[in-house]
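This report describes selected features of one protein model and its ligand.

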Amino acid sequence: MAKLLEGKPLAEKIKEDIRGQVSSLKNKPVLASIMVGENAGAASYVKSQAKTAEGLGIEYRLQALPQDTSEAALLELIRKLNSDNSVNGIIIQMPLPASIDYKKISAFIDPDKDIEGMHPANIGKLLFGKAKLIPCTAASAMELINFSGIDLYGKEAVVVGHSEIVGKPLALLLLDKFATVTVCHIGTSKAGKLEEHVKNAEVLVVAVGRAGLIKGEWVKEGAVVIDVGINRVADKIVGDVEFEAAEKRAAYITPVPGGVGPLTVTMLMRNLVEAAKSQQL
Ligand code: NDP
């Protein structure tokens, strides 16, 4: 039976470290958060960010803008925040109204304040293995893999899902640790090859958003399984991996909920403190 890789206790450990770093900063770090329009999911994420920030000694400055905010007005706000020396990091809450291009907005944020790690300059650093601001969900998955104690060198790592926020950055992070990385996506599934790749995985990370996509019997004996997926099925939240069958075969597995999820906000705060440290040099 697999050991559970739970996000909460790991998040608490990382928060201790963040608190220590915050206390050695000259000024209290400041996170500027921008939310456009009203969305229940974003509002709850903002609440959890604000609470985490407060517990770490970070100032959380929320700017809630109306739904009809124009792209130009949002760019102007970001320009101001970029040049405001009291602000160390900027986050844009999703979703944005359809009239606003997220890629354009995120590329406008000062890369040194891009605590989501999605600015092309930061993605470029990730490619060179030099990133300090790493996309939070990918960073959370890596923390959980490290927590399992597995040495990634030469291991078969399979990432299912190739999104820009999770699958692609994670593949780069795993490569950086000399894992042999296979990235599966919709094309892999359509070609009927997903099972074959998953069966090889000594480390398996799944970030798709389809309940039960990964059959428990595909999981290799002794594998480390990180399930990033979040799916609502009959009033329950489940991941992308068939948990009950997979936990009988894996050595380590993340529960859903309770695995990757509780770590992501902590990773955001770690990026913020990283940004503040380099800005205060
Ligand atoms: P996206 O929808 O951006 O990406 C999903 C990926 O899965 C795409 O690369 C897609 O390929 C691929 N895919 C779709 N169907 C299949 C299939 N049948 N077989 C193999 N690959 C497939 O989602 P995100 O990366 O943003 O998120 C993925 C999941 O992780 C979601 O459930 C999301 O809710 C969850 N999530 C959880 C977080 C947490 O904190 N725990 C944070 C962020 C996300 P293609 O694009 O080519 O179709």
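## Contacts of Glu-143 and Met-267

Leaving aside residues up to four places away in sequence, Glu-143 touches Leu-10, Ile-14, Leu-263, Met-267 and Arg-270. The model in which these contacts occur is a predicted one. Glu-143 belongs to helix α6, which covers residues 136–148. Its relative accessible area is 18%, and because the limit for a buried residue is under 20%, Glu-143 counts as buried.

One of the partners of Glu-143 is Met-267, a residue of helix α11. Met-267 is buried as well, with a relative accessible area of 1%. Beyond residues up to four places away in sequence, the contacts of Met-267 are Ile-14, Cys-136, Ala-139, Ser-140 and Glu-143. Cys-136 and Met-267 stand 131 residues apart along the chain, yet their C-alpha atoms are separated by 5.3 Å.

## Domains

Two domains are assigned: domain 1 spans residues 27–113, and domain 2 spans residues 136–261. Their centres, taken over C-alpha atoms, are separated by 30 Å.

## The ligand and its surroundings

Which residues are closest to the ligand? Among the 21 residues that surround the ligand, the closest are His-162, Ser-163, Ile-186, Ser-189 and Ile-230. By residue class, the shell consists of 10 nonpolar residues, 10 polar residues and one charged residue. Helices α8 (186–190) and α11 (261–279) each contribute at least two residues to this shell.

In the side chain of Ser-189, an N or O atom is 2.6 Å from a nitrogen atom of the ligand. A nitrogen atom of the ligand also lies 3.2 Å from a polar side-chain atom of Arg-210. In the case of Ile-230, a polar backbone atom is 3.0 Å from an oxygen atom of the ligand. The ligand taken alone exposes 930 Å², and the protein buries 70% of that area.

Asn-88 is placed in the loop between α3 (71–83) and β4 (89–92). Is Asn-88 buried or exposed? With 4% relative accessibility, Asn-88 counts as buried. The side chain of Asn-88 reaches the backbone nitrogen of Val-30 at 2.9 Å.

Not counting residues up to four places away in sequence, the contacts of Asn-88 include Lys-28, Pro-29 and Val-30, together with Asp-112 and Lys-113. Asn-88 also touches Leu-272, Ala-275, Ala-276 and Gln-279.

## Lys-47 on helix α2

Helix α2, made up of residues 40–56, contains Lys-47. Lys-47 is exposed, with a relative accessible area of 65%. Between Lys-47 and Leu-81 there are 21 Å in space, C-alpha to C-alpha, and the two are 34 residues apart in sequence.

## Backbone geometry

Most peptide bonds are trans, and most residues other than glycine have a negative phi. The peptide bond that joins Met-94 and Pro-95 is cis, with omega of about 5°. Pro-95 is located in the loop between β4 and α4 (102–108). A cis peptide bond also joins Val-256 and Pro-257, with omega of about 0°. In this case the proline, Pro-257, lies in the loop between β11 (252–253) and α11.

Which loop holds Ala-234? Ala-234 is found between β9 (231–233) and β10 (236–238), and Asp-235 is placed in the loop between β9 and β10 too. Although Ala-234 is not a glycine, its phi is positive, at about 45°. Asp-235, likewise not a glycine, has a positive phi of about 70°. Ala-234 counts as exposed at 73% relative accessibility, and Asp-235 counts as exposed at 70%.

Key:
Residues are numbered from 1 along each chain as its sequence is written. This is a predicted model: local features need pLDDT of at least 70, side-chain atom pairs count only at pLDDT 80 or more; totals for chains, interfaces and linings use all residues. Side-chain values use heavy atoms; hydrogens and water are left out. Domain bounds come from an automatic or database domain assignment. A residue is near a molecule or strand if one of its heavy atoms lies within 4 Å of it. A polar contact is a pair of N or O atoms within 3.5 Å; within protein, one must be able to donate a hydrogen and the other to accept it, and residues adjacent in sequence count only if both atoms are side-chain atoms. Accessible areas come from the Shrake-Rupley method with a 1.4 Å probe; for residues, only the protein chains shown count as cover. Helices (H or I, at least four residues) and strands (E, at least two) are DSSP runs, numbered from the N terminus. Ala, Val, Leu, Ile, Met, Phe, Trp, Tyr, Cys and Pro count as nonpolar, Asp, Glu, Lys and Arg as charged, and the others, Gly among them, as polar. Buried means under 20% relative accessible area, exposed over 50%, partly exposed in between (1.4 Å probe, protein chains only). Contact means heavy atoms within 4.5 Å.
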